[in-house]
Amino acid sequence: MTDITTWFTLGTLGMIGGTLAMGYAMWRAPGERAREDWLLIGVGVTAAVAYALLSAEIGTLQAMDGHTIYAVRYLDWLLTTPMHVAYLALLVGVTGRYLWEAAGVQALTIVLGLAGAYAVGPLKWILFAAGGLAFVRVLYLLYGPITDVARAGDEDVAGVHRTLLNFIAVLWLIYPIIWVLAQSGIGILDLETQALVVTYIDVVAKIGFGLIALNGRAVASLIGGDESDAVAGEPSTTD
């Protein structure tokens with residue numbers, strides 16, 4: 001049987017390689033959104049460090065019922081998932097209340113998930129349900145007010161925003177299912193299977209999101225530049 005740290009080592013390599021790929025894409029892409037781009041790099045670096053710690057068997061704690069919790073993974077999510085939320089907001093120009101609320105509530109979902117994994121009995125499921133309600137609020141903000149701002153802006157940027165939002169929302173919906181099936185919930189998944197599945201989804205979510213974002217923004221900028229050139233090159237209709 002494969003040692004559980006093998007999956008964490010592969011996760012570390014995946015995060016490092018993916019972050020380097022994002023750095024290269026960022027270098028090649030137009031630089032007018034450097035602030036948002038650095039959030040993507042921050043996600044990759046944070047995840048790489050977290051998985052390196054996991055592969056070194058650092059960052060675990062014992063739940064009240066005795067099962068192992070990979071606390072450093074929750075710390076990773078506590079930092080990186082609000083970064084993704086912030087990117088989605090900043091991409092379309094949202095910088096005020098909705099940005100901070102969405103990022104803050106997203107962080108709350110991670111805290112409640114960790115607390116639920118640590119607790120036992122009815123409290124475990126109460127905390128899990130509270131985290132689920134917080135996540136519903138995040139989805140409302142992302143698909144509601146923030147998407148409304150996106151639709152009112154540049155059409156190409158709105159398209160990139162829609163692709164990224166659907167991509168990350170679908171992947172994030174898998175995590176609560178894993179939580180329920182794993183040792184944190186009803187215990188159907190063993191630790192090795194959980195490590196394999198979560199590591200795979202983490203790499204896809206974090207690196208995939210970043211590469212789609214950078215590629216999509218580069219394409220949108222290219223299209224916008226071509227349209228501007230076309231307008232500038234049109235002959236004047238006035239004498």
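1. The side chains of lysine 206 and aspartate 202 form a salt bridge at 3.4 Å, N to O, the term requiring a side-chain nitrogen of Lys or Arg within 4 Å of a carboxyl oxygen of Asp or Glu. In this predicted model, local features need pLDDT of at least 70 and side-chain atom pairs count only at pLDDT 80 or more, while totals for chains, interfaces and linings use all residues. Residues are numbered from 1 along each chain as its sequence is written, and side-chain values use heavy atoms, with hydrogens and water left out.

2. Lysine 206 and aspartate 202 are four residues apart in helix α7 (residues 191-233), about one helical turn; helices are DSSP runs of H or I with at least four residues, strands runs of E with at least two, numbered from the N terminus. Lysine 206 is buried at 4% relative accessibility, and aspartate 202 is buried at 0%. Here buried means under 20% relative accessible area, exposed over 50%, and partly exposed in between (1.4 Å probe, protein chains only). A salt-bridge network links Asp76, Asp202 and Lys206.

3. Arginine 97 and glutamate 101 also pair, at 3.3 Å, N to O. Both belong to helix α4 (residues 97-118), four residues apart. Arginine 97 is exposed at 56%, whereas glutamate 101 is partly exposed at 21%.

4. In helix α5 (residues 121-152), arginine 151 and aspartate 148 lie three residues apart, with a salt bridge of 3.8 Å, N to O. Arginine 151 is exposed at 64%; aspartate 148 is partly exposed at 45%.

5. The count of salt bridges is five. The protein chain holds seven helices and two strands, and 46% of its 239 residues are buried.
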